[in-house]
Amino acid sequence: MSSQLSLFTEEQLQANTATRAGETKLGETVQLVSSLADLSQSTARFVVFGIKEDIGIRANLGIGGATDCWDIAIKALLNVQSNAFLHGSEIAVLGHLGFEELLAKARDLDASNADDLKKLRELTAKIDTHVSETVEAIVKAGKVPIIIGGGHNNSYGNISGSSKALGKAINVLNIDPHTDFRDMQGRHSGNGFSYARHEGYLDKYAVYGLHEGYNGKSIIEQFQSDPKLTFRTFEGLLSKTDSERYHIFMDILNWCGHDALGLELDLDAITKFPVSALNPSGFTLNEVRTMVRATAGLRAPAYFHICEGSPGRASSQQEKDMLAKSIAYLVTDLVKGYLR
């Protein structure tokens, strides 16, 4: 078990679940586990855990604030109704990877200073190991990890952990305005996929909803010349009908093939969300929910990662609550799509 893993307790479960007579919440029916080793004994098919860090975002010269996303999201998820559409017994809540010591070291580092930036990237690399080990253990146990929180740097741990567990490179579909395929200049939230590809964990990689004005020339050229890389731009969808958009999404899903597929969702893709990179023009939540359900039902992803949500950038408690409830919708969409 990762030394950074804090298991979710029965006390936390009760504290985060608001019970009501005549109703049953997911928090009353989900499973808990005593260790990663016990996962194989669980009847739950999905394992939810959080990542509490924003070091990778800051190491990419971004704005922090994503550390507490797990805390608000798990509470919202546990208060979804358990009923005929989804029973909580399908889900095990593992806990979260907390990096208090690394966060303390990062707190006073200034990314605008070259030496501090190098240190932030070294700290990000330390996070990789714990994420990879946790994902590998879950996938080896025959479960589907659903990972909430942190920066998109954690895509590397998700991909490498899944690849090690399955014994082969995996394909990934990333719903994101950015490719996060930057140069391997030290680990950060902008190069998790390029590191995973370089190290043989990632085979085919598709980005859906890429923003034309926010990805560098060299990266675009690389995607256009490499047959294992592809994208569809957000701008290319603007003039399309709903039916045409659906077929374009199915096309990219078919391009990913039927081998093991990881599903990554950067919440930056959704318009006007409190995220690390604010987006005034993006997908609606309903559009992304539809994509998640379709991917789950047609491709049964090896894992699902929801990242870059930033409660620290929310302008009000209401905005935080909306972020939390949106993540709960996305998690349950994945599970429902998968099971149906």
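The legends below describe close-up views of a predicted model.

Residues are numbered from 1 along each chain as its sequence is written. Because the model is predicted, local features need pLDDT of at least 70 and side-chain atom pairs count only at pLDDT 80 or more, while totals for chains, interfaces and linings use all residues, and side-chain values use heavy atoms, with hydrogens and water left out.

View A. Strands are DSSP runs of E with at least two residues, and helices are runs of H or I with at least four, numbered from the N terminus. Two strands pair if DSSP finds at least two bridges between them. Strand β1 (residues 5-7) pairs with β4 in the antiparallel sense over 3 bridges, and S6 has H96 as its bridge partner. Strand β2 (residues 31-32) runs parallel to β4 and is joined to it by 2 bridges; here Q31 stands opposite A92. Strand β3 (residues 46-52) is also parallel to β4, with 7 bridges, and G50 stands opposite H96.

**View B. S276 in a loop.** The loop between β9 (261-266) and α10 holds S276. The relative accessible area of S276 is 10%, so this residue is buried. Leaving aside residues up to four places away in sequence, S276 touches I57, I63, D268, E308, S310 and R313 (contact means heavy atoms within 4.5 Å).

**View C. Helices α9 and α10.** Helix α9 (residues 242-256) packs on helix α10 (residues 285-299) at an angle of about 40°, and their axes are 11 Å apart. Axes are lines fitted to C-alpha atoms, for helices over the stretch in contact, and angles run from 0 to 180 degrees between N-to-C directions. The two helices are therefore oblique to each other (angles under 35 degrees count as roughly parallel, over 145 as roughly antiparallel, 65 to 115 as roughly perpendicular and the rest as oblique). Residues of α9 in the contact include F249 and L253, and those of α10 include M291 and L298.

**View D. Helices α10 and α11.** The axes of α10 and helix α11 (residues 317-339) come within 7 Å and cross at roughly 25°. That makes α10 roughly parallel to α11. Among the α10 residues that meet α11 are V288 and V292; Y329 and L330 are among those on the α11 side.

Note on methods. Buried < 20%, exposed > 50% of the residue type's maximum accessible area, 1.4 Å probe, protein only.
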